[in-house]
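Here is a friendly note to read alongside the model. Please keep the viewer open and find each residue as you go.

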Protein chains: 2
Amino acid sequence: MTETVPRPTLEAVAARAGVSRATVSRVVNGSDGVREPLAERVRRAVEELGYVPNQAARSLVTKRHDAIAVIVAEPETRVFADPFFARQLRGISKELTTHDNQLVLLLTEDRDDHVRVGHYLAGGHVDGALVFSLHIDDPLPELIQRAGLPTVFGGRPDWSGGRGGVVYVDSDNRGGARDAVRHLLGLGRSRIAHITGALDQTSAVDRLDGFRDVMVDADPRLVVEGDFTPAGGEWAMRELLDRCPDLDAVFAANDLTAAGALRVLREHGRRVPDDVAVVGFDDMLPIAEQTEPPLTTVRQDIEEMGRLMARLLLRDLDRTTAADENVGGTPSSVILPTTLIRRASA
Amino acid sequence: MTETVPRPTLEAVAARAGVSRATVSRVVNGSDGVREPLAERVRRAVEELGYVPNQAARSLVTKRHDAIAVIVAEPETRVFADPFFARQLRGISKELTTHDNQLVLLLTEDRDDHVRVGHYLAGGHVDGALVFSLHIDDPLPELIQRAGLPTVFGGRPDWSGGRGGVVYVDSDNRGGARDAVRHLLGLGRSRIAHITGALDQTSAVDRLDGFRDVMVDADPRLVVEGDFTPAGGEWAMRELLDRCPDLDAVFAANDLTAAGALRVLREHGRRVPDDVAVVGFDDMLPIAEQTEPPLTTVRQDIEEMGRLMARLLLRDLDRTTAADENVGGTPSSVILPTTLIRRASA
C-alpha cells in the first residue's frame with residue numbers, strides 16, 4: 001500500500017483495464033450491471049496484477065477492516081467552524097482514499113464523550129486512529145492506548161516520556177514563532193505583544209516558548225492568553241491595548257486570532273502596520289489574504305501534515321500485518337518546517 | 001432511549017449522583033481516579049435507576065454497537081464548504097449524544113468511494129445509517145439496502161416506489177418555492193427568473209416544480225440550472241442577464257446561490273430590490289443576514305431535520321431490538337413546513 005509494499009491497488013487495476021475504479025469495484029464484488037467484455041478485461045487485470053480485493057480475501061489474510069478512525073478532540077461545532085480541521089482532514093482523506101481505506105470521523109459534543117469514543121475504538125471497528133487537537137489532561141490517549149490501536153497524533157502530545165513509541169506529526173511551532181518575532185524586531189519594533197493559543201495545547205505552549213526565546217526580558221503584561229478563535233483574538237487585543245497602549249507589534253498564535261486582533265486595532269484607530277505590526281501563524285487561505293491589511297504569517301503545511309499522519313499510520317499497519325517482515329522499521333515522528341510569508345501587515 | 005422507552009441514560013445517573021457524565025463513565029467502566037465516596041454515590045445511582053452501561057452488558061442484550069453511520073453523498077471538500085451540512089450534522093450529533101450513541105461520519109472523495117462505504121456499512125460496525133444529499137442514480141441506497149441496515153434519509157430519495165419502508169425527513173420544498181414566487185408576484189414582479197439547484201437532487205427538482213406551479217406559462221429562458229453553490233449562482237445570474245435583461249426578480253434555489261446572484265447583479269449596476277427582487281431558500285445564518293442587501297428567503301429548520309432523522313432511526317432500532325414489543329409502529333417519513341422570512345432583498 002505504501003512505496004515499500006508493492007501491493008497492487010484498485011487504481012492500478014482500473015488503469016490496466018482502462019475502466020473507472022467504480023467498474024473494478026463492481027466486478028470484484030460480484031455486482032451486476034457491467035457488460036461482459038468490460039468485466040472480462042477487469043478480471044484479466046486483477047489476475048495479471050495479483051490484486052486482492054478488500055473485504056473478501058484480503059481482510060481474512062490481514063485481519064484488517066480497511067478503516068481508520070479520525071478523532072478531533074474538539075466539539076463538532078469547532079471542527080466545522082475552524083478551517084484548520086477541514087484542511088487537515090483533506091490531507092488525511094486524500095491519502096486514505098488513495099489506499100482504499102475508509103475515513104471514519106468520530107464526532108463528539110464534548111470531552112465527556114471521549115469515553116464513548118474509546119469504546120468504539122476498542123470495539124474492533126477500525127485498524128488504527130489519527131488523533132489531533134489534543135488538550136493536556138485529555139483522557140483520550142489513555143483510552144486509545146487501552147484499546148490497543150496503532151495511533152498517530154497530529155501535534156506533539158504533552159507527555160514527555162513513559163509511553164514508548166508515540167508517533168506524531170507536527171510543525172516547528174517554536175522555530176516558526178522565533179522567526180515571526182525576529183521579523184518584528186527587524187522592523188524596528190520593540191514593544192512586541194503575544195496573543196497565545198489555548199495553553200492546554202502543546203502547539204500554543206511551543207509558540208509561546210518561541211516568543212520568549214527571542215523576547216527574553218519581555219514585559220509580562222505583553223502576553224495575553226487567547227484560544228485560537230477570532231473572538232479570543234478580539235478579547236485579548238482589547239486587553240492588550242488596555243494594559244499596554246504603547247505596544248507597536250503583535251504576534252498572534254494563529255491567523256484566526258490575528259483576524260480578530262486586526263478588527264479591534266481598526267476599531268481603536270490604530271493603523272496596521274504603521275502603528276502596530278501584526279504577524280499570524282498558519283497561512284490559512286483565503287483568510288490570511290483577505291484580512292485588512294493582508295496578513296504576514298508563519299506558514300505551516302496543514303494538508304501535508306494530515307497526509308503524512310495517514311501515511312505513517314498505514315505504513316505502521318503494513319509493517320505489523322505484512323506476511324514478510326522486510327517492510328522497514330518502526331515509523332518515527334516528523335516535524336515539518338515553517339516559512340514566514342510576508343504580506344502587508346508587518 | 002426515546003420517550004417511548006424509559007431506559008435510564010448516563011445523564012440520568014449523573015444527575016442523580018450529582019456528578020459529571022465523565023465521572024459516571026469512569027466508574028461504570030472501572031477506571032481509576034474517582035474518589036471512593038463519589039464512586040459509591042455513582043454505583044448507588046446506577047443501581048437505583050437500573051442503568052445498564054453501554055458496551056458491557058447492554059450490547060450483549062441488544063446486539064447493538066451504539067454507533068450510527070452518517071453519510072453525506074458529497075466529496076468531503078463540499079461537506080466542509082457548505083454550512084448546510086454542518087447544520088444538519090449538529091442536529092444529528094446532539095440527538096445521538098443525548099442517547100449515548102457514537103456519530104460515525106464516513107467521508108469520501110467522490111462517488112466511486114461509495115462502494116467502500118457500502119463495505120463498511122455491511123461490516124457490522126454500526127447499527128444504522130443516516131444518509132443525506134443523495135443524487136439521482138447514486139449507487140449508495142442499493143449498497144445500504146444490501147448491507148441490511150436500518151436507514152433514514154435526509155431529503156426524499158428519488159425512487160418513487162418498489163422499495164418498501166423508505167423513511168426520510170424532508171422540508172416542504174415545493175410549497176416553500178410556491179410561497180417565494182407568490183411573494184414576488186405580490187410585489188408586482190412579472191419577469192421572475194429561477195436559478196435551480198443541482199437537478200440530480202430531489203430538493204432542486206421539487207423547488208423547480210413549485211416555481212412552475214405558480215409560473216405556469218413562464219418563459220423557459222427564465223430558468224437556468226445552478227448547483228447550490230455561490231459560484232453556480234454567479235454563473236447562472238450572468239447567463240440570465242444575458243438572456244433576459246428585462247427580468248425583475250430572481251428566486252434562487254438556496255441562499256448560497258442567491259449570494260452569488262446578488263454579487264453579479266451589483267456588478268451589473270442592478271439595484272436590489274428596486275430593479276431586481278431576490279429570494280433565496282434555507283435562511284442560512286449568518287449568510288442570509290450578511291448579504292448586500294439582507295436576503296428574503298424561505299426558512300427550513302435544517303438542524304431540526306438532522307435531529308429528527310436521528311430520532312426516527314433510534315426509535316426504529318429500539319422497536320426492532322426491544323425485549324417487549326410495545327414500542328410503537330414502524331416510523332414514517334416527516335415533511336417539515338417552511339416559512340418565508342422577509343428582509344430587504346424582496
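Is B:Ser133 buried or exposed? Keep that in mind for the first point, and remember that this is a predicted model.

1. **B:Ser133.** The answer is buried: its relative accessible area is 13%, and the cut-off for buried is under 20%. To find B:Ser133, look in the loop of chain B that runs between β3 (128-132) and α8 (140-147). Its phi is near 60 degrees, which is a positive value in a residue other than glycine.

2. **A:Asp137.** Now turn to chain A, where A:Asp137 sits in the loop between β3 (128-132) and α8 (140-147). A:Asp137 is not a glycine, yet its phi is positive, near 75 degrees. With a relative accessible area of 66%, A:Asp137 is exposed, as the cut-off for that word is over 50%.

3. **The cis peptide bonds.** In chain A, the bond joining A:Val272 and A:Pro273 is cis, and omega is about 5 degrees. A:Pro273 belongs to the loop between α12 (255-267) and β9 (277-282) of chain A. In chain B, the peptide bond from B:Val272 to B:Pro273 is cis too, with omega near 5 degrees. B:Pro273 is in the loop between α12 (255-267) and β9 (277-282) of chain B.

4. **How the chains are related.**

5. **The interface.** Of the interface residues of chain A, 100% are also interface residues in chain B, so the copies meet through the same surface.

Notes
Residues numbered from 1 in each chain as written. Chains lettered and ligands numbered in written order. Predicted model: local features only at pLDDT ≥ 70, side-chain atom pairs only at ≥ 80, totals over all residues. Heavy atoms only, no water. Contact = heavy atoms within 4.5 Å. Helix = DSSP H or I, 4+ residues; strand = E, 2+ residues; numbered from the N terminus. Buried < 20%, exposed > 50% of the residue type's maximum accessible area, 1.4 Å probe, protein only.
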